[in-house]
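This briefing goes through selected residues and one surface feature. Please read it alongside the sequence and the 3D view.

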Amino acid sequence: MASDADLLADRRSLRRKLTLWRVLAVLGVIAAAVVGGLAWRDDGTVSLSSPHIARVSISGFISGDRRTLDLIKSVGDSKTVSAVVLDVNSPGGTTSGAEALHVALRELAGKKPIVTVVSGLAASGGYIAAMSTDHIVARETSLVGSIGVLFQYPNVSQLLGTVGVKVEEIKSSPLKAAPNGFEPTSPEARAALQSVVDDNYRWFKQMVHDRRRLDDAQLGTASDGRVFSGRQALGLKLIDELGGEREGIAWLEKEKKVAKDLKVRDWRPRSSSSRFGLWSLAEVSARLAGLDGLAATIARAADQPVGLRLDEPLALWQPAAEK
C-alpha cells in the first residue's frame, strides 16, 4: 500500500503535468492566432498587391461611425482595387449616420466602379446606402424600401405617477428638451418634432427622386414607408436587377469594363476585427488555463455595445408588433 508521501508526490507530479499542458495549450492558441493574423493580412486590406474587387459590407445599425467611413476612404485610395461590391444587409439607422455613409459612398463611386448587392435587407438608412451606387441588385425575396423617417421616445409619465415620482425641471423655453418622457408631450412639442421628421422625410424622398429617377406618381407609391420584396422593388424601379453578387459583378464587367475573373476580397474595418480577435483570444486563453471566472468577465466585456445613441431621428425599419 502506497504511503501518504508517495501519494503526495504523485499528486504534485500530476499537477505539474497539468500546468504544463495548460501552458502549451495557451501557447498553441497564440501561435494559431498569429498564423491566422498573418493569413488575414495576406488576404486583407493591408498587403493586397494584385488587382481585385473589394467587397464592402454594410450591415446592422447604421450610425456613420468613423471606422466605416475611414474604410471607405481607404478603398477609394487603394491602387489595387479595380471595382467595389457594396453588400448591404441593414434595417437602417440614424438619418445623419445614413447621410454621412451615403456621402462617403458617393465619393467612392467617383473613384471606383461600384455596384450594390442587397443580400437580405436594404431598408430606410440601408436603402440610402444602396442608392449611393448606379446599379442595385437584389434577391427576389430581399426586403427593400421603407422610405420614411421615425422619431420614437418612451413616455413614462403615467408610470411615474403610479409609483408617486414627480420629475421637476427648470428650462429656458417650453420646447427645450422636449419631449422628455417624464410628462405628456404638449401639442407644441409634437408639432415641432413633426416638422423635423417632415423635413428629413422630404430630404429622403428627394434623394430617391434624384437617384432613382422616379416621377411624382412612382415616388408617391414607393415612399409610403412600406418595405417591398425584390420583385416588387424591381417593378417600382427601386432596384435595377434581380440576382446576387454574380450578377452585380457581371454588370461591372459589362458596363464598367472591369477586367473579368478578378478575385473578390473582403475589406473590413481593421479596428473592429482586431478588437474581436483580441477579446476572443483572451477569453479562449483564460478558459484553457482553467480561469473560467476571468473568461466569463472577458466575454461580458466584449459583448458591451459601443455607445449607440438613439436620441435623433431614425431612418430605420421597425416591423410593427401586433397589439
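H52 is buried because its relative accessibility is 1%, where buried means under 20% relative accessible area, exposed over 50% and partly exposed in between (1.4 Å probe, protein chains only). The model is predicted, so local features need pLDDT of at least 70 and side-chain atom pairs count only at pLDDT 80 or more, while totals for chains, interfaces and linings use all residues. Residues are numbered from 1 along each chain as its sequence is written, and side-chain values use heavy atoms, with hydrogens and water left out.

**Around H52**
- H52 belongs to strand 1, residues 52-62 (strands are DSSP runs of E, at least two residues, and helices are runs of H or I, at least four, numbered from the N terminus).
- Beyond its neighbours within four places in sequence, H52 is in contact with residues including T80, V81, L262 and W267 (contact means heavy atoms within 4.5 Å).

**Around A233**
- Helix 8, residues 230-235, holds A233.
- A233 counts as buried, at 0% relative accessibility.
- Apart from neighbours within four places in sequence, A233 is in contact with V144, F228, L238 and I239.
- S142 is 91 residues from A233 in sequence, yet their C-alpha atoms are 9.2 Å apart in space.

**Around V167**
- V167 sits in the loop between helix 5 (157-163) and helix 6 (187-212).
- With a relative accessible area of 40%, V167 is partly exposed.
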